[in-house]
Amino acid sequence: MSWGTELWDQFDNLDKHTQWGIDFLERYSKFVKERLDIEQTYAKQLRNLVKKYCPKRPKDEEPRFTSCLSFYSVLNELNDYAGQREVVAEEMNHKVYGELMRYSQDIKAERKHHLQEGRKAQQFLDHCWKQMDSSKKKFERDCKEAEKSQISYDRLDNDINATKSEVEKAKAQFYLRTHMADESKNEYAAQLQNFNAEQWKHFNNSIPHIFKNLQDMDQRRTVKLGETYRSFAESERRVIPIVSKCLEGMVSAAKAVDDRRDSGIVVESFKSGFDPPGDFPFEDFSQHLSRTGSDGTISSTPKGEREREGAPAPRSDPKHPMSRTKNKLWLFGKKPKAPSLEDFSHLPPEQRRKRLQQRIDELSKELQKEMDQRDALNKMKDVYEKNPQMGDPSSLQPKISETMCNMEKLRSEIHKNETWLSEVEGKQSSRGDRRHSADNHHPAPQGRESPEGSYTDDTSQEVHKPPQRSTPPQPGQPNPDPHEFDDEFDDDDPLPVIGHCKALYSFNGQNEGTLVMAEDEILYIIEEDKGDGWTRARKQGGEEGYVPTSYVEITMEKNSKGAVTYI
């Protein structure tokens with residue numbers, strides 16, 4: 001339906017309607033602005049929340065519990081989710097709010113232009129009507145004056161007392177008034193015809209055209225609102241796939257929580273490595289008291305023996321396992337922490353070796369980078385020397401010198417750490433050499449590798465298959481240094497059990513530091529084979545020593561890798 005034909009007389013109402021449409025558009029723009037402000041505030045608060053609960057400690061100090069790692073994954077996903085809320089706010093700002101504000105300014109200017117044209121057309125029609133009305137009133141007055149002059153002329157013409165001059169004068173006045181009335185009539189007719197033509201043109205051409213423009217403008221406003229409604233929804237829908245991935249990541253993080261693994265981490269983190277304390281021996285301090293018959297007590301020790309035993313009561317042997325354990329009990333307290341040193345000498349040997357090796361690897365990587373940079377600078381210098389127009393070769397010399405200086409520093413650091421590493425491994429290497437000489441008297445059974453190949457870091461190969469029992473080997477007599485294993489048992493801290501083994505063959509263990517075992521005897525493993533063909537074991541009675549690795553079938557405990565686990 002057309003406004004021009006149906007609403008030709010509703011200019012004022014259309015003026016009000018178009019103004020209401022612009023007001024509604026601006027109201028919706030304000031709604032979008034507040035909506036995107038909420039999104040921006042929400043995203044900012046989410047990011048602040050993530051920042052508040054994100055760990056501020058170095059990565060080395062971060063807990064390894066799956067519950068903590070999953071929570072940090074949730075925080076990362078939440079941070080990504082906050083980023084998507086920012087994307088929503090940005091799209092709403094550019095594609096909805098910004099577009100509405102620009103369109104609002106355009107539609108205001110267009111409406112003003114159309115209404116001005118309508119008012120001009122209405123003013124022109126009013127002007128034509130006033131001219132027509134003025135000519136009509138003049139024609140009416142002139143007609144009335146002509147009628148009066150005619151009546152006066154007829155009265156004087158019929159009056160016998162009137163003079164001829166009076167009659168002539170009245171007649172002339174009558175003719176004048178009649179002529180003026182005729183002219184007013186013609187003017188009125190012309191103005192009336194012009195007004196009717198302008199009015200037809202106004203209501204059939206000008207107003208329909210103006211109202212059609214207003215109608216088109218209002219319809220475009222309605223369409224624009226629909227488009228912005230869609231853009232408003234699309235800005236949300238575009239981020240749904242990424243938001244879904246964020247939520248899926250949170251669900252995956254929740255599924256990654258492993259209570260057993262966390263419990264194992266607690267054990268690895270706080271296990272002291274000591275055996276529970278044994279029973280304290282009874283120390284009888286009353287055996288030196290002289291007793292009389294009146295006290296009714298009969299001494300179970302003859303007097304002569306008591307005199308012979310007059311020495312103080314025997315003290316517990318410091319080498320006794322119980323004494324060793326008692327001297328270093330931190331069961332209900334914290335173990336004193338040694339200060340951190342550059343050479344990691346405050347750490348146990350195995351962990352010190354690992355830390356030093358790790359540092360050497362890092363320094364080697366840095367050295368390789370410096371070497372690559374030096375080679376690249378030298379190549380560039382050669383290019384500059386061959387093509388001087390590309391650059392000055394001398395300008396690269398300071399950088400080359402700095403790189404060489406860095407390389408020397410890194411080499412010095414690597415050498416220093418390798419020296420410390422050699423000190424750590426020296427004890428194990430010397431012990432390994434002595435064990436190799438002893439192992440020459442213990443030929444490995446057929447079907448097994450040499451002792452050098454018996455050590456593996458692969459925990460999947462935890463069970464070593466025994467050789468064929470049909471041809472048991474005859475163990476030799478190793479002759480190691482009598483003080484070979486002394487340093488292995490000087491430590492007061494008992495080593496934790498990391499597995500168990502079954503003896504495939506009997507071993508007499510005549511040399512010091514070795515352990516006697518019978519065929520099919522079950523032993524506890526407290527230290528793995530370091531590649532020298534010997535495994536450290538403990539009997540159920542507490543006796544410890546080394547046995548040939550090829551003589552036992554080893555089964556390692558779960559979560560146990562390496563000889564000793566230090567906390």
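This report walks through some helices, a sheet and a few single residues of one structure. The model is predicted, so please read every value below as computed from that model.

**Helices**

Let us begin with helix 3, which covers residues 66–158. With 93 residues at 1.5 Å a residue, helix 3 should span 138 Å, and its end C-alpha atoms are 133 Å apart, which agrees. Helix 3 also has a kink of about 35°, centred on N93.

Helix 6 has twelve residues, 259–270. From its first C-alpha to its last, helix 6 reaches 17 Å, close to the 16 Å expected.

| Helix | Residues | Expected span | Span in the model |
|---|---|---|---|
| Helix 6 | 259–270 | 16 Å | 17 Å |

**The largest nonpolar core**

In soluble globular proteins, nonpolar side chains tend to be buried together. Here, the largest nonpolar core has 33 residues, and Y28, V32, F211 and L214 touch the most other members. Helix 2 (11–53), helix 3 and helix 4 each supply at least two residues of this core. The largest share, 14 residues, comes from helix 3.

**Two residues to look up**

Is T403 buried or exposed? T403 counts as buried, because its relative accessibility is 2% and the cut-off for buried is under 20%. T403 sits in helix 10 (residues 397–439). A polar atom of the T403 side chain lies 2.8 Å from the backbone oxygen of K399.

A197 belongs to helix 4 (residues 164–237). Its relative accessibility is 46%, so A197 counts as partly exposed. Along the chain, A197 and L125 are 72 residues apart, while their C-alpha atoms are separated by 9.9 Å.

**The sheet**

Further along the sequence you will find strands. Strands of a sheet pair through backbone hydrogen bonds, either parallel or antiparallel. In this model, five strands form an open sheet with antiparallel pairing, in the order 4-3-2-1-5. Strand 4 (544–548) and strand 5 (552–556) are the edge strands, and each pairs on one side only. On average, neighbouring strands of this sheet are turned by 40° against each other, direction ignored.

How many bridges join strand 2 to strand 3? Three bridges link strand 2 (residues 522–527) with strand 3 (residues 534–538), and the two run antiparallel. For Y524, the bridge partner in strand 3 is R538.

Technical notes
Residues are numbered from 1 along each chain as its sequence is written. This is a predicted model: local features need pLDDT of at least 70, side-chain atom pairs count only at pLDDT 80 or more; totals for chains, interfaces and linings use all residues. Side-chain values use heavy atoms; hydrogens and water are left out. Helices (H or I, at least four residues) and strands (E, at least two) are DSSP runs, numbered from the N terminus. Buried means under 20% relative accessible area, exposed over 50%, partly exposed in between (1.4 Å probe, protein chains only). The expected span of a helix is 1.5 Å times one less than its number of residues. Two strands pair if DSSP finds at least two bridges between them. Axes are lines fitted to C-alpha atoms, for helices over the stretch in contact, and angles run from 0 to 180 degrees between N-to-C directions. The bend at a residue is the angle between axes fitted to the seven residues ending there and the seven starting there. A nonpolar core is a set of buried Ala, Val, Leu, Ile, Met, Phe, Trp, Tyr and Cys residues joined through side-chain atoms within 4.5 Å. A polar contact is a pair of N or O atoms within 3.5 Å; within protein, one must be able to donate a hydrogen and the other to accept it, and residues adjacent in sequence count only if both atoms are side-chain atoms.
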